[in-house]
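Hi everyone, thanks for making the time. I'd like to walk you through one model today, going from the overall picture to a few details.

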Amino acid sequence: MIKSKLYVFALLISNIAITQTTPSLIVANNTPTIYRNFQSNPSQKNTIIGPNGFNFELLDAGANSRFSEIGSCFFKNKLITTSSKKLGGIAKIDPNTNEAYKDLFCLDISENGTLSSPFLFSRILNTNQSEDQLAFTPNQKTVYYTKSTKSNSLEYKLYKADLEDGSHGNWVNHELLSINSENISIETPYVSPKGDQLFFASNMPNGHGGFDLYVSNINPDGTLSKPVNLGNTINTNLDDKYPSLSLDNKYLYFASKGHKNMGGYDLFISKISKNGYKSPRNLGNTINTSYDDIAFFLATKNKGYMSSNRPNGKGGFDIYTAFNNEVKQILEGQILDLETQIKLPNALVILKDDDGNEIDRQLTNESADYNFNLTPLETYTISVTKAGFKDLSITFLANEGKATTYTKNIALQPTEPVIIETKNALSIVIENIYFDFDKWDVKEESFISLNKIVKVLNEHPEMTLSIDAHTDNEGVDAYNVSLSEKRAASAVKYLINHGINKQRLQSKGFGESKPLIDCKDQCSKKDLQSNRRIEFNILNNK
């Protein structure tokens with residue numbers, strides 16, 4: 001059984017790498033007290049050394065007592081806690097803990113995260129037995145709560161109750177849930193943000209040892225499906241308790257005495273993928289100590305609470321308010337041609353998580369650059385597509401836990417040119433040849449495309465070509481004819497400079513007279529781009 005006391009605690013993820021040096025303990029002259037980079041014993045075995053993506057500051061909220069207080073969840077903008085705080089001089093003492101039997105309390109939360117003095121939460125839910133953790137459905141009309149049996153204050157049963165319509169705290173329809181059984185304790189319930197699952201800890205038989213974490217689906221009537229053990233990726237042969245989820249349901253937080261542990265309970269995080277739970281990651285030695293660090297849960301994306309019985313508190317467990325500033329990581333690079341290393345603008349780069357969900361997409365700019373924001377220690381897939389090149393996907397691991405910029409240049413392999421018959425003529429089909437606006441010099445990225453034409457002509461030494469250039473219908477027709485003639489001539493010049501006999505080549509500019517898409521004055525940007533093209537028509541079949 002855990003003894004407890006109550007702290008408020010601020011979590012900051014920064015770009016400061018965790019080192020093996022002993023952080024100093026800084027105590028302010030006035031409240032709230034600030035603890036920075038707390039580490040209980042730098043020489044202890046199994047110390048978790050970062051960087052691991054997290055760095056914490058601890059704030060004493062001024063709401064703690066010398067008795068046991070542990071944060072549980074939220075109800076109507078109040079923080080609900082469980083505490084052995086004695087009420088008057090008549091509190092009954094639990095012989096198993098030598099403290100009063102636990103009750104449920106609630107605390108108002110100020111804008112800066114500090115807590116008010118606690119007051120009793122519910123006369124209906126509080127009894128002469130010990131009440132422990134509880135959880136509410138998202139609409140806050142159903143509560144799942146735990147209380148000890150009359151015969152054993154260390155054995156808890158799970159109940160469900162409904163909030164009476166129109167009331168602010170009258171709980172009715174109390175029900176002992178069917179997943180309970182004799183000599184089994186069910187503890188630390190947590191309802192998922194979607195309200196469709198209940199996570200909890202239990203010492204049910206056939207587990208992995210001690211308390212394991214389980215999940216049950218919540219049926220439409222509030223009853224629970226058969227519990228499913230979260231498996232040996234999460235559960236150890238020691239106690240695993242206090243489950244909670246990130247608000248987007250992508251991460252599981254929990255407390256464990258196992259895994260890579262500094263001592264007592266440590267806080268861990270595991271990513272939830274479509275294939276199950278990823279290996280848990282210790283949240284590091286700026287939050288975890290050789291004491292018990294438990295009950296981490298979020299209020300918003302960047303704010304949450306946890307509880308710990310580390311020294312310098314008022315007794316037992318203290319609750320900490322946790323503010324989270326994410327470590328900023330960037331992945332940047334260029335998309336290049338594999339053989340020439342020429343930069344490739346207008347390549348589509350897509351970033352996906354390890355479940356294949358798209359996170360972001362970008363078109364490379366004129367310098368062929370791309371950049372994405374990453375989360376530390378996650379695995380990503382980067383997919384690249386560009387006309388004239390083979391699609392490519394690579395896996396990338398953000399393997400640093402601190403603020404980092406990764407550089408990853410990605411090289412694409414060109415596709416082979418294709419000879420097809422169109423309008424009773426043969427053509428070499430490649431991707432479009434690019435020119436700057438109102439210019440006729442071939443852009444560097446199109447050298448790769450023209451090299452494909454060189455290759456075909458070298459493989460077919462008797463082949464002759466007509467290089468025909470076309471423009472869109474914007475601008476004056478006569479000017480467009482002249483511009484297209486200059487662009488066709490530029491392509492011919494490139495081929496000649498790369499060893500092709502000029503006698504095998506001829507060029508012509510057609511301006512806007514032969515549009516691929518005859519959209520007249522209703523052309524979209526895509527239509528205009530399609531009409532701006534160079535065609536490589538074969539004049540013989542050799």
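Let me start with how the elements are counted: helices are DSSP runs of H or I with at least four residues, strands are E runs of at least two, and both are numbered from the N terminus. On that basis the protein has 3 helices and 38 strands. Please keep in mind that this is a predicted model.

Two overall numbers before we zoom in. Of the 542 residues, 51% count as buried. And if you take contacts between residues at least 6 apart in sequence, 57% of them join residues at least 24 apart.

Now to the helices. Helix 1 covers residues 447–459.

Helix 2, residues 477–497, has 21 residues and reaches 30 Å from first to last C-alpha, close to the 30 Å expected. Buried in helix 2 are N480, L483, S484, R487, A488, S490, A491, V492, Y494 and L495. What do these buried residues pack against? Helix 1, along with strand 36 (465–470), strand 37 (505–509) and strand 38 (533–538). Just after helix 2 comes G499, with a positive phi of about 95 degrees.

So how do the two helices meet? Two packed helices are described by the angle between their axes and the distance between the axes. For helix 1 and helix 2, the angle is about 60 degrees and the axes are 10 Å apart. That makes helix 1 oblique to helix 2, because the roughly perpendicular class starts at 65 degrees. The crossing is right-handed. On the helix 1 side, the contact is made by F447, L450, N451, I453 and V454, and on the helix 2 side by A491, Y494 and L495. Those contact residues divide into 7 nonpolar, 1 polar and no charged.

Most residues other than glycine have a negative phi. N77 has a positive phi, near 65 degrees. N77 lies in the loop between strand 4 (69–75) and strand 5 (78–83), and its relative accessibility of 72% counts as exposed. Q341 also has a positive phi, near 65 degrees. Its loop runs between strand 26 (329–337) and strand 27 (348–353), and at 44% relative accessibility Q341 counts as partly exposed.

Last stop: the loop between strand 24 (303–308) and strand 25 (318–323), where we find F317. Is F317 buried or exposed? With 0% relative accessibility, F317 counts as buried. F317 and E69 are 248 residues apart in sequence, yet their C-alpha atoms are 5.6 Å apart in space. G313 is found in the loop between strand 24 and strand 25 too, and with a relative accessible area of 28% G313 is partly exposed.

Technical notes: Residues are numbered from 1 along each chain as its sequence is written. This is a predicted model: local features need pLDDT of at least 70, side-chain atom pairs count only at pLDDT 80 or more; totals for chains, interfaces and linings use all residues. Side-chain values use heavy atoms; hydrogens and water are left out. The expected span of a helix is 1.5 Å times one less than its number of residues. Axes are lines fitted to C-alpha atoms, for helices over the stretch in contact, and angles run from 0 to 180 degrees between N-to-C directions. Angles under 35 degrees count as roughly parallel, over 145 as roughly antiparallel, 65 to 115 as roughly perpendicular and the rest as oblique. A crossing is left-handed if the near helix is turned anticlockwise from the far one by less than a right angle, and right-handed if clockwise. Contact means heavy atoms within 4.5 Å. Ala, Val, Leu, Ile, Met, Phe, Trp, Tyr, Cys and Pro count as nonpolar, Asp, Glu, Lys and Arg as charged, and the others, Gly among them, as polar. Buried means under 20% relative accessible area, exposed over 50%, partly exposed in between (1.4 Å probe, protein chains only).
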